[in-house]
Amino acid sequence: MAAGCCGVKKQKLSSSPPSGSGGGGGASSSSHCSGESQCRAGELGLGGAGTRLNGLGGLTGGGSGSGCTLSPPQGCGGGGGGGGISLSPPPSCGVGTLLSTPAAATSSSPSSTSAASSSSPSSRKMVVSAEMCCFCFDVLYCHLYGYQQPRTPRFTNEPYPLFVTWKIGRDKRLRGCIGTFSAMNLHSGLREYTLTSALKDSRFPPMTRDELPRLFCSVSLLTNFEDVCDYLDWEVGVHGIRIEFINEKGSKRTATYLPEVAKEQGWDHIQTIDSLLRKGGYKAPITNEFRKTIKLTRYRSEKMTLSYAEYLAHRQHHHFQNGIGHPLPPYNHYS
């Protein structure tokens, strides 16, 4: 599933059901972001390969608003089950049970050199790099201009869950944000989600050549997934969260926010959880009793952001050395 990560307007939060359609009830294979600092994420099926997530939490096809939405995970049938919701606690889990994340399960994610990333007491070297953002720009540029796709990059090809986010303009408005919680080799994963987030985010029209000079590209690599028993056991600005819950119709739903969302929106733990529930399609009143039934996974991320101008400057220094088979876009072509 795909998940988005940024948004346009700050969302008003309430534990009461939204008026109108709210987060939308329909499910789809991907979801998106809206709001200055949040995104939607299609409901996640962590088991299936290539499961796409839109940004930072919410329900796919669920209309406007900030946050990410998710479609039902694989193997969870749509409205199976009767009407009532069982308010039993989530399945037993060890506090802080570490879920193995390829290439990153042994240490916490370090702080990002760019925007909102997880802080970490560990001194582990960051995996994310500016070259990854450059590669995403290469892929998009080649696609829009009909060049052969760039050759294999030189950065690591280890598997990671990942997100690619596009923002545009001086105010850095969200332009596309889709990723996956299924670990993918970075070379193929970034290539795929560069184009998916730029061209197939259902909240936006496909990107055009004219937009390139105003774009910012962010690559987020997700690490250190931990199941926790207490839905409040995570830190704003440090952890991303993925929640799993049973909606009013007895269907399993999931939604996610990347680590930066709650902090950028100015939300506390409860506001973030309630926003995720709404974006995940939960329309009934939200009670503390219901919050306790949520199954929550926390995670960290490394994030790097590069503007188009920075991309051009970087490529002028490392053009053929980095395996780019297309001509660099001239500055005056976009002026």
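Author: What follows is a set of questions about labels, each settled by setting a value against a cut-off. The model is predicted.

Reader: What makes up the secondary structure of the chain, and what share of its residues is buried?

Author: The chain has 6 helices and 9 strands. Of its 335 residues, 57% are buried. The chain exposes about 13200 Å², and carbon and sulfur atoms supply 52% of that area. Among contacts between residues at least 6 apart in sequence, 77% join residues at least 24 apart.

Reader: Why are cysteine 134 and cysteine 136 called buried?

Author: Buried means under 20% relative accessible area. Cysteine 134 has 0% relative accessibility, so it is buried. Cysteine 136 also stands at 0%, and therefore gets that label.

Reader: Why is the pair of phenylalanine 137 and tyrosine 308 called edge-to-face?

Author: The structure holds 15 aromatic pairs, and this is one of them. Ring centres must lie within 6.5 Å to pair, and planes over 60 degrees apart count as edge-to-face. For phenylalanine 137 and tyrosine 308 the centres are 5.7 Å apart and the planes are at 65 degrees, which places the pair in that class. Phenylalanine 137 is at 0% relative accessibility, so it is buried. Tyrosine 308, at 3%, is therefore buried too.

Reader: What makes the pair of tyrosine 141 and tyrosine 147 stacked?

Author: The limit for stacked is planes under 30 degrees apart. Tyrosine 141 and tyrosine 147 have planes at 15 degrees and centres 5.9 Å apart, and the pair is stacked. Tyrosine 141 is buried at 4% relative accessibility, whereas tyrosine 147 is partly exposed, because its relative accessible area is 33%.

Reader: Which residues share an aromatic cluster with Phe137?

Author: Trp166, Tyr308 and Tyr311 form one aromatic cluster with Phe137.

Reader: How do you know that the charged end of lysine 172 sits over the ring of phenylalanine 216?

Author: One condition is a distance within 6 Å of the ring centre. The charged end of lysine 172 is 4.7 Å from the centre of the phenylalanine 216 ring and sits over that ring. Arginine 209 does likewise with tyrosine 145, at 4.2 Å from the ring centre.

Reader: Where are lysine 172 and phenylalanine 216, and are they buried or partly exposed?

Author: Lysine 172 lies in the loop between strand S4 (159–168) and strand S5 (173–185). Its relative accessibility is 38%, so it is partly exposed. Its phi is near 50 degrees, a positive value in a residue other than glycine. Phenylalanine 216 is in strand S6, and at 18% relative accessibility it counts as buried. The residues touched by phenylalanine 216 include Phe137, Trp166 and Lys172.

Reader: What makes the length of helix H2 agree with its residue count?

Author: Helix H2 (residues 186–199) has 14 residues, which at 1.5 Å a residue should span 20 Å; its end C-alpha atoms are 19 Å apart, and so the two values agree. The buried residues of H2 include Leu186, Leu190 and Tyr193.

Reader: Why is helix H4 called mostly covered?

Author: In helix H4 (residues 269–279), 8 of the 11 residues are buried. Among them are Ile273, Leu276 and Leu277. The cover over the buried residues of H4 includes strand S7 (240–246), strand S8 (252–257) and helix H3 (260–265).

Note on methods: Residues are numbered from 1 along each chain as its sequence is written. This is a predicted model: local features need pLDDT of at least 70, side-chain atom pairs count only at pLDDT 80 or more; totals for chains, interfaces and linings use all residues. Side-chain values use heavy atoms; hydrogens and water are left out. Buried means under 20% relative accessible area, exposed over 50%, partly exposed in between (1.4 Å probe, protein chains only). Rings of Phe, Tyr and Trp (its six-membered ring) pair if their centres lie within 6.5 Å; planes under 30 degrees apart count as stacked, over 60 as edge-to-face and the rest as tilted. A charge sits over a ring if NZ of Lys or CZ of Arg is within 6 Å of the ring centre and within 35 degrees of the ring normal. Helices (H or I, at least four residues) and strands (E, at least two) are DSSP runs, numbered from the N terminus. The expected span of a helix is 1.5 Å times one less than its number of residues. Contact means heavy atoms within 4.5 Å. Accessible areas come from the Shrake-Rupley method with a 1.4 Å probe; for residues, only the protein chains shown count as cover. Lists of a residue's contacts leave out its neighbours within four places in sequence.
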